[in-house]
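Student: Please take me through the structure below, one topic at a time.

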Amino acid sequence: MLEQFGAPLEVQEVDLAEPCAGEVLVRLVACGVCHTDLYTASGADPSGYAPAVLGHEGAGVVERVAEGVASLAPGDHVVTLFSPQCRACVHCLDPRTNLCLAIREQQNKGYLPDGTTRLSRGGEPIRHFMGTSTFAEYTVMPEIALAKIDREAPLDRACLFACGLSTGLGAAIKTAKVTPGSTCVVFGAGMVGLGAVAGCRLQGAERIVCVDLSRDRLELARGQGATDLLVGGPDAVEHVVELTGGFGADYTFEATGSVAVMRQALEAARMGWGLATMCGVAGKGETLDIVPRFLIQGRRVAGSSFGGIKGRDEVPELVTRYLRGEIDVDPFISHTISLDDVNRGFELMEAQDGIRSVIAFD
Ligand SMILES: NC(=O)c1ccc[n+]([C@@H]2O[C@H](COP(=O)([O-])OP(=O)(O)OC[C@H]3O[C@@H](n4cnc5c(N)ncnc54)[C@H](O)[C@@H]3O)[C@@H](O)[C@H]2O)c1
Ligand SMILES: [Zn+2]
Ligand SMILES: [Zn+2]
């Protein structure tokens, strides 16, 4: 429970009402600890609210479904989706975007689609976070925000597909649609960047340069398929251009959240057709500087939210690819912690100790 911005999370008993029409009660089995949770907990996110139950990288088992729920049944294994898929809105029906419009407004305010909460304490409503609130043993979520996955998939691995891993994989596979034989550069080797490296590999990229400030993280990138490793900094663009015969890369990806690196990603893309895909979330009020000449010369910029992945259709497909051995998830999980240790998960993240801490519920 986030009681107060800037203060540690508190583990408390709260009330969770039964799911209403179209909603599902999920028992969480595992949940990753992500920067977005910390961003909100710290108070840095201007749209944050408290009190709220944080957490958005959940995986679990369906306990109960309310009326009107057709696609899920008790016992199903699910990954939670902060980016839902209603399959009916104008965006869901269009292959060009994954930004479902069905419940955005209420979700951003911390409510379930009907404008109320299922969480409360002493009769006072408590808001849901990102429509998920998965730092908890149970959560109630709309059916359209749950991806049903293969029961064979271990849930303490599958939870990573709820956010960062799918974001990176999708940026390469869905947003950029990397073509076989191409040259790619990924800036950032956190969860998102490493996912993008893996996505480029799955798309058949011939060369994948990964750029990060941390040598340890670059080594992890090699394990995901990076062919060249580069320590980042002000000269990164120059180095990339050198490595790519003077032209730059066919596809570049930014996964740092730094607007300076976003600019580098654009400038490291090849003239003629280079595509720079931005995944990072910049700080409040920051803007991206682009010299227009880079665009006139044929470079393009794209942004990617949740990797352009339509969650209910495509998260299960990614999990299946993981089960087939195409995606190596284990190296991303550095610490397994209990819910009581959630603040330690934040500390590990701030210290860049490993890629992901995963909360295991028993
Ligand atoms: N678009 C989305 O839907 C979405 C989803 C999840 C996360 N994100 C965002 O993606 C970004 C990355 O997330 P993450 O979990 O991988 O974060 P992370 O902090 O684990 O990784 C970021 C990496 O960038 C590296 N880095 C920092 N400065 C650099 C520089 N100058 N050159 C090269 N590398 C540099 C860091 O060393 C670090 O390894 C964040 O901004 C996050 O908010 C976006
Ligand atoms: Zn996340
Ligand atoms: Zn929709």
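Predicted model: local features only at pLDDT ≥ 70, side-chain atom pairs only at ≥ 80, totals over all residues.

Student: With which residue does R118 form a salt bridge?
Tutor: Residues are numbered from 1 along each chain as its sequence is written, with chains lettered from A and ligands numbered from 1 in the order in which they are written. A salt bridge is a side-chain nitrogen of Lys or Arg within 4 Å of a carboxyl oxygen of Asp or Glu. The closest N and O atoms are 2.8 Å apart in the bridge of R118, whose partner is E23.

Student: Is R118 buried or exposed, and what is the class of E23?
Tutor: Buried means under 20% relative accessible area and exposed over 50%, with partly exposed in between (1.4 Å probe, protein chains only). R118 has a relative accessible area of 4% and is therefore buried. At 3%, E23 is likewise buried.

Student: Which residue is linked with E23 and R118 in a network of salt bridges?
Tutor: The search of the whole structure finds 18 salt bridges. In one network, E23 and R118 are linked with D114.

Student: How many residues apart are R157 and D330?
Tutor: R157 forms a salt bridge with D330, and the closest N and O atoms lie 2.5 Å apart. Helix α3 (residues 155-158) holds R157, while D330 is in the loop between α10 (311-323) and β16 (333-337). The pair therefore joins distant parts of the chain, at a separation of 173 residues.

Student: Which accessibility class does R157 fall in, and which does D330?
Tutor: R157 has 19% relative accessibility, so R157 counts as buried. D330 has 43%, so D330 counts as partly exposed.

Student: What is the order of the strands in the open sheet of four?
Tutor: Two strands pair if DSSP finds at least two bridges between them. Three bridges join β6 to β7, and these strands run antiparallel; two bridges join strand β3 (residues 52-53) to strand β7 (residues 124-128), and these run parallel. The pairing in the sheet is mixed, and the order is β1-β6-β7-β3.

Student: Which are the edge strands?
Tutor: An edge strand in this sheet pairs on one side only. The two concerned are β1 (15-16) and β3.

Student: Which residue in β7 is the bridge partner of A52, and which is that of R121?
Tutor: For A52, the partner in β7 is R127. For R121, the partner in β7 is E124.

Student: Where does G122 take a positive phi?
Tutor: The phi of G122 is near 55°. Two residues lie between the strands of the hairpin concerned, which is that of β6 and β7.

Student: What is the omega of the peptide bond between A50 and P51?
Tutor: P51 is located in the loop between α1 and β3. The bond that joins A50 and P51 is cis, with an omega of about 0°.

Student: How much of the area of ligand 1 does the protein bury?
Tutor: An oxygen atom of ligand 1 lies 3.2 Å from an N or O atom in the side chain of H35, and a backbone N or O atom of M191 is 3.0 Å from an oxygen atom of the ligand. A polar backbone atom of C279 is 2.9 Å from a nitrogen atom of ligand 1. Taken alone, ligand 1 exposes 870 Å² (Shrake-Rupley method, 1.4 Å probe). The share that the protein buries is 85%.

Student: What is the phi of F306?
Tutor: F306 is among the residues that come nearest to ligand 1, and it is found in the loop between β15 (300-303) and α10. Its relative accessibility is 3%, so F306 counts as buried. Although F306 is not a glycine, its phi is positive, at about 50°.

How values were computed: Heavy atoms only, no water. Near = heavy atom within 4 Å. Polar contact = N/O pair within 3.5 Å; in protein donor to acceptor, adjacent residues only side chain to side chain.
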